[in-house]
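Subject: Structure handover

Hello,

Here is the structure you will be working with. Please open it next to this email and read the two together.

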Amino acid sequence: MTRQYIGAIDQGTTSTRFIVFDADGHIVSVAQQEHRQIFPQPGWVEHDAGEIWTAAQAVIAKALAQKGLKPADLAAVGITNQRETTVVWDRKTGQPVANALVWQDTRVDGLARDLARDGGADRFRDKTGLPLASYFSGLKLKWLLDNVEGLRARAERGELAFGTIDSWLVWNLTSGSVHVTDVTNASRTQLMSLETLEWDDDLLEAFTIPRAVLPQIASSSEVYGVATGVLEGVKIAGILGDQQAALVGQACFRPGEVKNTYGTGCFMLMNTGERITQSKAGLLTTVAYRFGTSAPCYALEGSVAIAGALVQWLRDNLGIIKSSGEVEALARSVDDNGDVYFVPAFSGLYAPYWRADARGIVAGLTRYARAGHFARAALEATAYQTRDVAEAMQADSGIAVKELRADGGMIGNELLMQFQADILGTPVVRPEVAETTALGAAYAAGLAAGVWPGMEDLHAHWKAAKRWEPAMPEAQRAGYYACWKKAVDHSFGWAV
């Protein structure tokens, strides 16, 4: 039987999914399983990497069983993952030596400040495209080696392996025979040179990271190995960090094309082609993808820490909704935000501010405010943060954002999508296949396995499902945004 399907493991911040696609890029089956969020202290966020691997095996088996498929029916499998989340494990036993530090974790703020004393927060930006911040995995790895007893000595002896979740999954899928990451995930460690696409000795020295723990850096689309176990015999042929995978899944292959993913956080990427564009406006420069031996493509990225997570906070911490799906109806129960602005700086503000000292605030409260205004302000916060990033992106690139391709869990919220178009003054487009992150991973694997001859075939698959045009008067748009900026200013300086 001809292998006509492609699998994608989509390992996210709150859950793991396995999606099977056909050769036209359509979804055949999907299974999903959540995992625990562990909060040992304020600002600390952890995952159990063993639990994630168990979930991955379960969803793979379930998705295949849904359609009576076997591993032999898959031409290849791709992996996309929460990028900066950091795992260290024992090479011999394959067991994690500590919980994974999640990308949202802020315990390394002090380490970032220490390194910034010599050269400032942009000390390594020319080489890595990144400012010194708690976000990236290199500092998280350093913290683990310095703070978990015995780890540094074991790392230097070559007994331990480090990886982001992609590396952890490939290691387990191949029974420990392959230790690899791709250029997109490596570019988020702050340990790789954007120009050479290799681990950089000067960076390793500055971060005190022993080279022995690091995975091999590969392209985003090539055969890394053959799986055992639940995917016995299937080629593992694609790896992309989740936001880069969404860029590929949205077919943003031309310089200037932009996508925004509305998930736990909010992530906008603009393809800048083969040119490395260093940001002057608070964005990140990152590797967009590299397919096989072709030249790498780069992107500007604006990362927002809290988007859908704010809706979860309304549900779990305040209890004003019972499920995330109720937030739109509650927000529609009022005509506007009632002059309420919600700045969700729960772990500081990311792009374009990069203020670790910021904390969440609600501004503009009066006795008039009620639950509907909180719900509406929470949704609008995502749209305002997206505009912040879009303006920075246009300033850096000199390219106007003419259309925003949207994906992620929040795009089913019609109120949010219309407000996003209104506050941007730019059309927002939802694709026909909403699972763009998993689709991007499948595309990368399918290219390496020969399912699709080239990127032109992938571009032909992309179709719009719905388009929102801006309808807000310019004066109203400007007034709302000015109030948002005032609220952001008040969030600064809360944490020392």
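Predicted model: local features only at pLDDT ≥ 70, side-chain atom pairs only at ≥ 80, totals over all residues.

Residues are numbered from 1 along each chain as its sequence is written, and side-chain values use heavy atoms, with hydrogens and water left out.

Helix packing

Helices (H or I, at least four residues) and strands (E, at least two) are DSSP runs, numbered from the N terminus. Axes are lines fitted to C-alpha atoms, for helices over the stretch in contact, and angles run from 0 to 180 degrees between N-to-C directions. Angles under 35 degrees count as roughly parallel, over 145 as roughly antiparallel, 65 to 115 as roughly perpendicular, and the rest as oblique.

How do helices α10 and α12 pack? Helix α10 (residues 308-318) lies with its axis 8 Å from that of helix α12 (residues 371-397), at an angle of about 160°. α10 is therefore roughly antiparallel to α12. Contact here means heavy atoms within 4.5 Å. On the α10 side the contact is made by L310, V311 and L314, and on the α12 side by F374, A375, A378, L379 and A381. These residues divide into eight nonpolar, no polar and no charged. For this sorting, Ala, Val, Leu, Ile, Met, Phe, Trp, Tyr, Cys and Pro count as nonpolar, Asp, Glu, Lys and Arg as charged, and the others, Gly among them, as polar.

Helix α12 also meets α13: their axes come within 9 Å and cross at roughly 40°. The two helices are therefore oblique to each other, and their crossing is right-handed. Residues of α12 in this contact include R376, L379, E380 and R387, which face a group in α13 that includes L415, L416 and F419. The contact of α12 with α13 has nine nonpolar, three polar and three charged residues.

Empty space

Rolling a probe the size of a water molecule over the atoms shows where empty space is left. The search uses a 1 Å grid over the protein atoms alone: a cavity is a set of points where a 1.4 Å probe fits but cannot get out, a pocket is an open set with protein on both sides within 12 Å along at least five of seven lines, and lining residues have an atom within 4 Å of a point. Grid points are joined across faces, edges and corners, and a volume is the space filled by probe spheres set on the points.

How many cavities of 30 Å³ or more are there? The count is two. The largest cavity holds about 60 Å³, and its lining includes S303, A351, Q385, D388 and W484. Elements giving two or more residues to that lining are β16 (297-304), α12 and α16 (474-491). Eight of the lining residues are nonpolar, two polar and one charged.

The second largest cavity has about 40 Å³ of space. R376, L379, E380, L415, L416 and F419 line this cavity, and α12 and α13 (414-424) each give two or more residues to the lining. Four of its residues are nonpolar, none polar and two charged.

The second largest pocket has about 470 Å³ of space. It has 24 lining residues, and D109, L132, W354, R355 and A356 are the closest to its centre. Helix α2 (residues 109-116) gives the largest share of this lining, four residues. The lining divides into twelve nonpolar, five polar and seven charged residues.

Single residues

Most residues other than glycine have a negative phi, and most peptide bonds are trans. Between A351 and P352 the peptide bond is cis, with omega about -5°. P352 sits in the loop between β17 (341-343) and β18 (361-363). Q190 has a positive phi, near 70°, and belongs to the loop between α7 (183-186) and α8 (201-207).

F374 is in helix α12. Leaving out residues up to four places away in sequence, F374 touches L314, I320, F342, V362 and L365.

Regards

Terms used:
Left-handed = near helix turned anticlockwise from the far one by under 90°.
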